[in-house]
Amino acid sequence: MVSINQLVDIVEDIAGIKLKRSYDPSAPKGVNGRNSDNTFIKQRLAWEPGITLRAGLEKTYSWIYKEILAHRQPCPRACLSKRSP
């Protein structure tokens, strides 16, 4: 089982960044946790995940990053003259 915070930790490590996290304790609460018990599928189909969560996230992050770069629109001249505050 992996918490959302642990998931964010893994993605931060993969991306080489550190995010600012904010929490709203007054927000509605869901279930405390969910996880996958793969016992049934392993018994019936003799299948189990072939890669770790981290390895899957690394592949997914890499694909998304490449897709963003491939579809990035060039900055028009007007935005080059403006400076961010």
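Guide: Buried means under 20% relative accessible area, exposed means over 50%, and partly exposed lies in between (1.4 Å probe, protein chains only). This is a predicted model, where local features need pLDDT of at least 70, side-chain atom pairs need 80 or more, and totals for chains, interfaces and linings use all residues. Residues count from 1 along each chain as its sequence is written, and side-chain values use heavy atoms, without hydrogens or water.

Visitor: Is E12 buried or exposed?
Guide: Start with its place: E12 is found in helix α1. Helices here are DSSP runs (H or I, at least four residues), numbered from the N terminus. The relative accessible area of E12 is 4%, so E12 counts as buried.

Visitor: With which residues is E12 in contact, leaving aside its neighbours within four places in sequence?
Guide: Contact means heavy atoms within 4.5 Å. Set aside the neighbours within four places, and the contacts of E12 are I17, K18, L19 and R21.

Visitor: How far apart are the closest N and O atoms of R21 and E12?
Guide: These two residues form a salt bridge. That term needs a side-chain nitrogen of Lys or Arg within 4 Å of a carboxyl oxygen of Asp or Glu. R21 is partly exposed, with a relative accessible area of 28%, while E12 is buried. From N to O, the closest atoms of R21 and E12 are apart by 2.8 Å.

Visitor: How many salt bridges does a search of the whole structure find?
Guide: The bridge between R21 and E12 is one example. Search the whole structure, and the number of salt bridges is six.

Visitor: How many residues apart in sequence are the parts that D13 and R54 tie together?
Guide: The side chains of D13 and R54 meet in a salt bridge, 2.8 Å from N to O. D13 lies in helix α1 and R54 in helix α3, so the pair ties together parts whose separation in sequence is 41 residues.

Visitor: How are the rings of Y61 and Y65 arranged, given their centres and planes?
Guide: Rings of Phe, Tyr and Trp (its six-membered ring) pair if their centres lie within 6.5 Å; planes under 30 degrees apart count as stacked, over 60 as edge-to-face and the rest as tilted. The count by this rule is one aromatic pair. The centres of Y61 and Y65 are 6.1 Å apart and their planes lie at 20 degrees, so the pair is stacked.

Visitor: By about how much of the helix are Y61 and Y65 separated?
Guide: Y61 is partly exposed, with a relative accessible area of 30%. Y65 is partly exposed too, with a relative accessible area of 45%. They are four residues apart in helix α3, so their separation is about one helical turn.

Notes:
Helices (H or I, at least four residues) and strands (E, at least two) are DSSP runs, numbered from the N terminus.
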